[in-house]
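The sequence and the structure are shown below.

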Amino acid sequence: MDRQISTQKAAAKSAPEKVTNRDIFRAWIRFYFADEIPHSFDRYIAPALMWALMPILRKLYKDEGQLKAAYKRHLLFFNTQISWGGGVLTGIMASLEQTRAQETYENKELTITDDLIYNTKAGLMGALAGIGDSIDSGTVQYIFIAIALPWAQQGSAIGAIFPFIAFSVYQVLIGWYFARTGFKLGRKAATDIVGGSQMQGIIEGLSILGLFMMGILAANYVKVTSSLQWTLSGKKFELQEILNTVLPGLLPLVVVGGVYFYFVKRGLKVTSALIGLTVILGVLAAIGVL
């Protein structure tokens, strides 16, 4: 009887513990602060993900050999965007490891193999990085900068600090959302998060908002005016006053639109566009049009 009780206690002691939302949040925060710190040529940011998952892996694997094997699984090459890629994959990896630990404890055939775990990371890290970089670095970051620019122009220190704080808070919150969702969905997260209609709606909404913000920036900070004047039947006319009456901001719109179509036709040749724009505007200013 005593031997049976001791055996049950030993089995209970070696059983994987339940992974909670608090564990997922802790793993995500650890990844957020460790990202890029242990960067190496052969592993890239894999040590950051492994360090983030360490508390969860210790809860799941009580056997020292199994724990070491789990650490090694997450030290293979890994690189992705911090919040969209890091958040989703932190949650998915925790979900897969929990399933594997339970199968190992119950002596079942492993469906969560080493290859499945790594192939999931390898298949998603590039796609998620592409989405995250275009949305976060290409849209959201500039929205916060656009909000803070008027404050900076007025000499307020908030204008310099706000974009960094707001962007950091945004990344923490959205990364936590993705980590929690990735953990709940597990292997289904690849299709439900990346290809789901809700996520596509979020991406499209942010893209539209980014276009609005870029338009606002162009209207407010691209200053092009005309000095052209003429007299007709004794009455003086100024081109800029006429434009302000008909369509304010027409000249900045023409300049921005011209640069955009140049990039579409010739590619993103920024230096050539700057030189050409400088020459064109200089000639127009010399002949009195601008």
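## Tyrosine 44 and phenylalanine 77

In this predicted model, phenylalanine 77 has a relative accessible area of 34% and is therefore partly exposed. Tyrosine 44, at 27%, is likewise partly exposed.

The model holds 11 aromatic pairs. In the pair formed by tyrosine 44 and phenylalanine 77, the ring centres are 5.0 Å apart and the planes meet at 55 degrees, so the arrangement is tilted. This pair joins distant parts of the chain: tyrosine 44 belongs to the loop between α2 (21-34) and α3 (46-60), phenylalanine 77 to the loop between α4 (64-73) and α5 (84-105), and 33 residues separate them.

## Phenylalanine 144 and phenylalanine 162

The rings of phenylalanine 144 and phenylalanine 162 have centres 6.1 Å apart and planes at 85 degrees, which makes the pair edge-to-face. Phenylalanine 144 lies in helix α6 and phenylalanine 162 in helix α7 (residues 158-185), 18 residues apart.

Phenylalanine 144 is buried, because its relative accessible area is 16%, whereas phenylalanine 162, at 24%, is partly exposed. Both take part in a cluster linked by ring pairs, together with Trp151, Phe167 and Tyr170.

## Charges over rings

The charged end of arginine 30 is placed over the ring of tryptophan 51, 3.7 Å from the ring centre. Lysine 121 has its charged end over the ring of phenylalanine 78, at 5.8 Å from the centre.

## Aspartate 133

Aspartate 133 is located in helix α6 (residues 114-153) and is partly exposed, with 42% relative accessibility. Beyond neighbours within four places in sequence, aspartate 133 contacts Gln81 and Gly138. Glutamine 81 is 52 residues away in sequence, yet the C-alpha to C-alpha separation from aspartate 133 is 6.6 Å.

Definitions and conventions. Residues are numbered from 1 along each chain as its sequence is written. This is a predicted model: local features need pLDDT of at least 70, side-chain atom pairs count only at pLDDT 80 or more; totals for chains, interfaces and linings use all residues. Side-chain values use heavy atoms; hydrogens and water are left out. Helices (H or I, at least four residues) and strands (E, at least two) are DSSP runs, numbered from the N terminus. Buried means under 20% relative accessible area, exposed over 50%, partly exposed in between (1.4 Å probe, protein chains only). Contact means heavy atoms within 4.5 Å. Rings of Phe, Tyr and Trp (its six-membered ring) pair if their centres lie within 6.5 Å; planes under 30 degrees apart count as stacked, over 60 as edge-to-face and the rest as tilted. A charge sits over a ring if NZ of Lys or CZ of Arg is within 6 Å of the ring centre and within 35 degrees of the ring normal.
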